[in-house]
Amino acid sequence: MSFDLPEDALAWQARVRAFVDQDLIPWEVEAELNNGEIPAEARGAHRSTAQAMGLPGMDAPAERGGLALSNVTQVAIYEALGRVTNGLGWCFSEAHRWMFEACNEDQIERYVLPIMRGERHECYAITEAESGSDVDGISATARRDGDDYLLNGEKWYVTGANVSDFCIFQAKIADGPHARAHALFFVDLGLPRVELVRTPLFGHTYAHHHPVYRFTDVRVPAANRIGEEGDGMTFSYAWFRRERLMIAARCCGAAARLIEEATAFAKDRIVSGQPIADYQAIQFMLADSVTELWAARLMTYECAAAHDRGDDVKALHARCSMVKLYASEMANRVADRAVQIFGGRGYMRENVAERFFRELRVDRIWEGTSEIQRLIIASGHLKRGLPDLYQQS
Ligand SMILES: Cc1cc2nc3c(=O)[nH]c(=O)nc-3n(C[C@H](O)[C@H](O)[C@H](O)COP(=O)(O)OP(=O)(O)OC[C@H]3O[C@@H](n4cnc5c(N)ncnc54)[C@H](O)[C@@H]3O)c2cc1C
């Protein structure tokens, strides 16, 4: 089975690939050596280009000014963005389709459309110290107080909070008829009693930080609640599905870049009078890498096509876990082999394999660890069955 990309997807991938190769990749080493930072003009130029291409609205409905691209085309875009290290591909915020379905008109005007116009930037505050894999175990609360809610909780790893002006905060309703139900809120980070606790350092070198934030009796209008009390998990699941699919796409792009770079090096590098590409040990590492990447790409594009076909959402949920699990584990194996092929050079921070070796590690952790993806897949298999994925017709 092969997967032929439609013309639209190929055209988009070529445009974004050119942006990545010409504008973003040349800044990788400078970003690596400067805590992920590059000059403001360069960062601004990247944002402008992404905005001009319409990337912030790739998933947004056409009637709202979005591009409404198919999931296959969006995967093709994210696959191209996955080729670059140092978080340089994170040069736009995205107004997702689920936001238009979940938010009312007022929220779309105040938060969602400004994301699409590049005027506002969001981050997600779900995880807590005691609750990462077990999202239902969060202890953040939202207590109704007249026309407002009072939010309390400490949120960990709020990715991009340093470059965002609001977050989507997940809490449990404190009391009333929906006590302990989940709800999501738009929370402006500049509000009183929203406090930056600390900014830990992580394995990768990104300008986007992952800080810890504390919310103490933060007052937000009830108009900032996304959907109804109790809708929180439904919208979070929609976000998880999309993000897991796009993580898989980025992992495929990263693995492709690593294979290309390691192959070019192996053909050039002479050891004991021969290019190392002539040695079978090196060939096997490349062979395993291209084989696994091919499998991951087929799965990822087929999963995107299943979204475009409108398959059952529970089946899609399991598929997104499968592609995230397989593609992230595949990319980590490819990165490990690429470091090995580069030898000592592969351990230098100026080397793409070294950077991806560190960066890809988190793709097995965030948006649900590999273990959690396996639990979701097993649950789909055991409870509902996934026969269309493996049974002969
Ligand atoms: C760099 C980074 C950025 C992040 N960005 C964000 C963000 O923007 N917003 C946000 O809300 N969160 C974010 N996260 C949080 C991320 O989603 C969580 O770290 C992840 O879901 C795992 O949760 P945990 O760290 O609490 O691990 P834990 O839940 O403590 O898990 C520890 C280990 O136990 C395993 N485990 C847990 N439960 C089970 C089980 N039932 N069966 C088998 N094994 C199990 C896990 O797989 C893991 O190996 C980010 C994390 C990182 C590292």
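Among the contacts in this predicted model that link residues at least 6 apart in sequence, 73% join residues at least 24 apart. The protein contains eleven helices and ten strands, and of its 393 residues 54% count as buried. A compact globule with 393 residues would have a radius of gyration near 21 Å, and the protein, at 22 Å, agrees with that expectation. Taken along the principal axes, the C-alpha atoms fill a box of roughly 80 × 55 × 40 Å. The protein exposes about 17500 Å², of which carbon and sulfur atoms supply 53%.

**The surroundings of the ligand**

The ligand is surrounded by 16 residues, and the closest of them are Thr127, Ser133, Thr159, Thr369 and Glu371. By type, the shell divides into eight nonpolar, six polar and two charged residues. Helix H11, which spans residues 370–384, gives the largest share of this shell, namely three residues. Some distances between atoms of the protein and atoms of the ligand are set out in the table.

| Residue | Atom of the residue | Atom of the ligand | Distance |
|---|---|---|---|
| Isoleucine 126 | backbone N or O | oxygen | 3.0 Å |
| Threonine 127 | side-chain N or O | nitrogen | 2.7 Å |
| Threonine 369 | polar side-chain atom | oxygen | 2.7 Å |

On its own the ligand has 970 Å² of accessible area, and the protein covers 65% of this.

**Isoleucine 376 in helix H11**

Isoleucine 376 also lies in helix H11. Is isoleucine 376 buried or exposed? Its relative accessible area is 19%, and isoleucine 376 is therefore buried, since the cut-off for this word is under 20%. Leaving aside residues up to four places away in sequence, isoleucine 376 touches Arg244, His317, Ala318 and Ser321. Alanine 62 stands 314 residues from isoleucine 376 along the chain, and the C-alpha atoms of the two are separated by 33 Å.

**Helix H6 and its cover**

Helix H6 runs over residues 105–116, and its buried residues are Gln107, Ile108, Tyr111, Val112, Leu113, Pro114, Ile115 and Met116. An α-helix has 3.6 residues a turn, so residues three or four places apart point the same way. At the start of H6, a side-chain oxygen of asparagine 104 comes to within 3.2 Å of the backbone nitrogen of aspartate 106. Just after the helix, glycine 118 has a positive phi of about 80 degrees.

Most residues other than glycine have a negative phi. Two residues of this protein can be read against that background. Tyrosine 157, which is not a glycine, has a positive phi near 55 degrees, and its place is the loop between strand E3 (148–155) and strand E4 (166–173). With a relative accessibility of 42%, tyrosine 157 counts as partly exposed. Arginine 180 likewise has a positive phi, about 75 degrees, although it is not a glycine, and it is found in the loop between E4 and strand E5 (182–188). Arginine 180 counts as exposed, because its relative accessibility is 57% and the word applies to values over 50%.

Glutamine 74 lies in helix H4, residues 71–81, and at 0% relative accessibility it counts as buried. The side chain of glutamine 74 is joined to that of aspartate 59 by a polar contact of 2.9 Å. Not counting residues up to four places away in sequence, glutamine 74 touches Met58, Asp59, Leu69, Glu94, Arg97, Arg242 and Met246.

Tryptophan 294 belongs to helix H8, residues 280–309, and with a relative accessible area of 52% it is exposed. How many residues apart along the chain are tryptophan 294 and alanine 256? They are 38 residues apart along the chain, while their C-alpha atoms are separated by 9.5 Å.

Conventions
Residues numbered from 1 in each chain as written. Predicted model: local features only at pLDDT ≥ 70, side-chain atom pairs only at ≥ 80, totals over all residues. Heavy atoms only, no water. Near = heavy atom within 4 Å. Polar contact = N/O pair within 3.5 Å; in protein donor to acceptor, adjacent residues only side chain to side chain. Areas by Shrake-Rupley, 256 points an atom, 1.4 Å probe, with all protein chains shown as cover. Helix = DSSP H or I, 4+ residues; strand = E, 2+ residues; numbered from the N terminus. Nonpolar A, V, L, I, M, F, W, Y, C, P; charged D, E, K, R; others polar. Buried < 20%, exposed > 50% of the residue type's maximum accessible area, 1.4 Å probe, protein only. Rg over C-alpha atoms; globule rule 2.2 N^0.38 Å. Contact = heavy atoms within 4.5 Å.
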